[in-house]
Amino acid sequence: MKQPFIQMREVNKFYPLDKDRFQALKGINLTIEEGEFVAIRGRSGAGKSTLLHILGCLDGFDEGSYTLNGREVKGLGDGKSARLRNETIGFVLQDFSLVDYRSVLFNVSLPLYFGKYPSRKMKAKAMEMLKLVGLEDQAKKKANQLSGGQRQRVAIARAMVTDPKLILADEPTGALDSRTAGEIMELLQTLNRRGVTVVVVTHDDVVESYARRVVTMSDGEIVD
Amino acid sequence: MKRFKILSVFLKNSALSLILLFLLMSAALLFTTQFVGLYRYQTYALDLFIQNGNDRMVIFSPSGLMDGDLAVASQKQEAFSQEVESLSGVQEVVSIYHINDSFYNNSAFSIYLYDKTLLDLFPLRYSGFQGFTSTGITEDGKLQVILSGDYFDGETVGEPMEMRVGGKNIEMLPVGKIKFPYITPRFSISGNGSTIPNYFSRNELPIALMTPETKKLLGENVTIYTNPSFLVYLEEDYTQQELEAVKEKLSEYGTSNTYQELIDKTNEPPVTNMENALLLPLAFSVVATIAFLSVSILSIYKKLDQSAILYLCGCSKRRSYLYLSGILAGVGLLAAALTAGYITLLPVLQHHEIISKNMLLLVDEKSLLLVGIYLLFLLLISFGVPWLMMRKYSPLESYRRMER
């Protein structure tokens, strides 16, 4: 039987709070198959972003287990965790997280600098991704010269440049108008149809509607 | 190539802060060099005396010139020192002599004449010293000299040179040079309250041996003056009574201090001149160090956002840390290179009076070691600040801060 792409079992996450500790995630059990498009919804403070950060190996957790693409994530060192992020995961975040004063092309190619991708092929690969998101003619512009929607497309291109199997998006349309938000979500849907697993954190019903499965969180727990 | 491109993420738009960091670090290093150099200059004479001196030494300082006429005063001085030398328990009286009527390249220079005992007792900072013959003169009749001072930079050890002494040209052979800052025994102090740096100070002139042969070579027309102070070197088995007798004799014309008494006087607080001279560079050094630390913290803090973006792209925390600390360390090494250039060029800058010769610095192996230790401390800041900042603000925390 094929192992799920993402499997979390009894994951707990604590944060220190004064002399005590606060439990941000409580007994999370989550299974996501490869190629799924999952939305994680919930009110502010439900633990959605915390869960996303753990999924993306940006943060650790205290108890439980988490396997990603058949690999146990807990206990991975800084270097291995970074390599896993680089090869397997792409991030699309609310604030775009681009290097504003560098070119669009440089921003898209950033993940390639940390992998084993040959230097001579990096530019071509980045341009291929920019074509995918329809911004190949903006390659030389600085990131801060683009509109919000364009910047989010650049972020998506960057997320895809290493051919990852998983895209994690944290409120990807939070800073965009509704029309642009729709374009971005359609782009994510296109990527999903190509076989990329997409997990979106949102509290927006419209965004949620693009997902095939919705996971609801409340007070650090998955309730639905 | 990839690494340099990633480094550019941190460097771009940071020109101002990098320049500021470079200036602050350079200032910190240069002021520390100043402080250490001054301190070494002030204590070099003390070190020289402590390392080479012993309790057989008594230094005499007359209360004034023994006569209004310099030549007569020298003769009286010489007579007095011979009286002291004849006392029981005295091995030798060591004096310094000088000639005034001497010119090098049409500029007036004194020539100092040292007893061999003085050079044996206090080995100086030589460069290429070949040693004197027993007479102080070469086989072909040239006066052997050690050259002290950058005026003589054009002369080469082992190559003959000429000076005009007492109206006639004297051929000389340099047998060595004194290294910057040209500190040699002087013994020209009179009066009470003397400390060791008064006896060893910066002298830029030729130094020859005082022997009957050199006196003869210099000629009868030349007046050889005796410097007012001298050193009484006691026999190895001198008694306390003999020492008391010597001191009593010396008190006829001035004051005397034994080896230990002179060290104690030199170390007595407040050594006002030294403290005043050292305070300013020390204060600037401390201020520059604190400013460098503050600007480092701010600069790294601003770069944590870029570090967070790279973290998302698959850059490990360790690699980010190496980039950040590498930037600071790189600035540090540039500042160190500037300081090294300054230290190397200091004699030249002082020679051309771009930097005042009154700035008395001694940058020797000891001071370089101290400056090197300070540089290591600054480099520790360069590696320590990014480490502490990244511990306090992980990439995820930086990202959450950016989100807010």
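Trainee: Which residue forms a salt bridge with Asp47(B), and how far apart are the closest N and O atoms?

Mentor: That's Arg40(B), and the closest N and O atoms of the pair are 2.6 Å apart. A salt bridge here means a side-chain nitrogen of Lys or Arg within 4 Å of a carboxyl oxygen of Asp or Glu. Before we go on: this is a predicted model, where local features need pLDDT of at least 70 and side-chain atom pairs count only at pLDDT 80 or more, while totals for chains, interfaces and linings use all residues. Residues are numbered from 1 along each chain as its sequence is written, chains are lettered from A and ligands numbered from 1 in the order in which they are written, and side-chain values use heavy atoms, with hydrogens and water left out.

Trainee: Ok. Is Arg40(B) buried or exposed?

Mentor: Buried, because its relative accessibility is 6%. The cut-offs are under 20% relative accessible area for buried, over 50% for exposed and partly exposed in between, using a 1.4 Å probe and protein chains only.

Trainee: And what does Lys249(B) form a salt bridge with?

Mentor: One partner is Glu83(B), with the closest N and O atoms 2.6 Å apart. Lys249(B) is in helix α7 (residues 240-250) of chain B and Glu83(B) in helix α3 (residues 70-85) of chain B, so this pair ties together parts that are 166 residues apart in sequence. For the names: helices (H or I, at least four residues) and strands (E, at least two) are DSSP runs, numbered from the N terminus.

Trainee: How accessible is Glu83(B)?

Mentor: Glu83(B) has a relative accessible area of 39%, so it's partly exposed. Lys249(B), at 16%, is buried. Lys249(B) also meets Glu252(B) in a salt bridge, 3.4 Å from N to O. Elsewhere, Arg40(B), Asp47(B), Asp364(B) and Lys366(B) are joined into one network by salt bridges that share partners.

Trainee: Then how many residues of chain A and chain B are in contact?

Mentor: 32 residues of chain A touch 24 residues of chain B, with contact meaning heavy atoms within 4.5 Å. Together the two chains bury about 2,600 Å², and carbon and sulfur atoms carry 60% of that. Tyr101(A), Tyr113(A) and Phe114(A) supply 28% of the area chain A buries against chain B, more than any other three residues. Buried area is the accessible area (1.4 Å probe) that two parts lose on being put together, summed over both.

Trainee: New topic. What nonpolar patch is on the surface of chain B?

Mentor: Leu282(B), Val286(B) and Ile290(B) form one, with about 240 Å² of accessible area together. Val286(B) is in helix α9 (residues 272-312) of chain B and is partly exposed at 42% relative accessible area. Patches take residues with over 30% relative accessible area and no salt bridge, joining like charges within 9 Å and nonpolar side chains (Val, Leu, Ile, Met, Phe, Trp, Tyr) within 5 Å. Accessible areas come from the Shrake-Rupley method with a 1.4 Å probe, and for residues only the protein chains shown count as cover.

Trainee: What about the secondary structure of chain B?

Mentor: Chain B has 12 helices and 16 strands. Of its 404 residues, 52% are buried. Its C-alpha atoms fill a box of roughly 90 × 50 × 35 Å along the principal axes.

Trainee: Last one: where is Thr67(A) found?

Mentor: In strand β4 (residues 63-68) of chain A. Thr67(A) is buried, with a relative accessible area of 12%. Leaving aside neighbours within four places in sequence, Thr67(A) is in contact with Gln3(A), Phe5(A), Ile6(A), Gln7(A) and Glu72(A).
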